[in-house]
2 protein chains.
Amino acid sequence: MSTTDSQLFAQRESVEQVEEGDVLAPKFDEHGLIAVVTTDAKSGELLMHGYMNAEALEKTIETGEAHYWSRSRQVLWHKGATSGLTQKIVEMRIDDDQDAVWLRVDVAGSGASCHVGYRSCFYREVPTGAAGSEPVKLTYREDEKTFDPQDVYGDVPNPTQL
Amino acid sequence: MSTTDSQLFAQRESVEQVEEGDVLAPKFDEHGLIAVVTTDAKSGELLMHGYMNAEALEKTIETGEAHYWSRSRQVLWHKGATSGLTQKIVEMRIDDDQDAVWLRVDVAGSGASCHVGYRSCFYREVPTGAAGSEPVKLTYREDEKTFDPQDVYGDVPNPTQL
């Protein structure tokens, strides 16, 4: 689906229209994707970073629940369809040049959003300001997983790719 | 610069190492970039979405100030070098599969991060749940610009691309 196939998206006509206008004219990259930042509406915590294609963006707008494009599985992905951890949109925003979307969500169930089992995908800190000559050591900022991925996902292939 | 050129980054060896390990092994895409989400450390507000190449990630780790790769200008971009609105890293995190970075920052000066003049790049809301057959109308969530882009950037080309 190209941008022009959706009745919900305007054509991108000028920098002024895109930046200062009041109409949705999203920019999809060469893979047909737009970046998505998802934060917890209550805590403000960053939960995940993902991508939508035009269909996922349409379905998110229409249903008020987060849909993504899974790059690893190459399918439309209704977040929570397997795990039950759906994301209800509290507020959706778009950035200046309309190539990134921000979702503020309420997560169902345990509130987790990471397939590894943590609440946030961003469970490790990267220290800054004192880099040496060795690979940087990460520090865990979540103490324990909120669920066991094996119980939830079973034999579904892990989406992480090397 | 490829991943292997930096002493700060480990080779990506296994899903377990990437997801459950304690060593930085970032994944750069086919353009050599990793996605970056930048939030205000105090308010939690999403300020911007950008990208880093390996050099920008190294410089951010080494200096504790946000560096990005400008896709429009194709240059290493020390945020704030032109505007004075530098971003000091309060905390930096990386996600499960290590292809996205989260910066929690203190912004110098007025605290703005958007080249259009707003505090956040995400100054417009996209309504959800009641899509019709017309392009979606956006709602402004910031009332006024924090600076005049013409004063700050002068004749620097606008980074937004159609």
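In this predicted model, 73 residues of chain A are in contact with 73 residues of chain B, contact meaning heavy atoms within 4.5 Å. Since the model is predicted, local features need pLDDT of at least 70 and side-chain atom pairs count only at pLDDT 80 or more, while totals for chains, interfaces and linings use all residues. Residues are numbered from 1 along each chain as its sequence is written, chains are lettered from A in the order in which they are written, and side-chain values use heavy atoms, with hydrogens and water left out.

Now for the interface in figures:

| Item (chain A with chain B) | Value |
|---|---|
| Buried area | about 6300 Å² |
| Salt bridges | six salt bridges |
| Polar contacts (both at pLDDT 80 or more) | 53 residue pairs |

Buried area here is the accessible area (1.4 Å probe) that two parts lose on being put together, summed over both. Of this area, 54% is on carbon and sulfur atoms. F122(A), R124(A) and L162(A) supply 11% of what chain A buries against chain B, more than any other three residues.

One salt bridge (a side-chain nitrogen of Lys or Arg within 4 Å of a carboxyl oxygen of Asp or Glu) joins K137(A) to D22(B), with the closest N and O atoms 3.6 Å apart. A polar contact is a pair of N or O atoms within 3.5 Å; within protein, one must be able to donate a hydrogen and the other to accept it, and residues adjacent in sequence count only if both atoms are side-chain atoms.

As for the fold, chain A has three helices and eight strands (DSSP runs of H or I, at least four residues, and of E, at least two, numbered from the N terminus). Strand 7 of chain A pairs with strand 5 (residues 87-94) of chain B in the antiparallel sense over two bridges, pairing requiring at least two DSSP bridges. There, E125(A) stands opposite R93(B).
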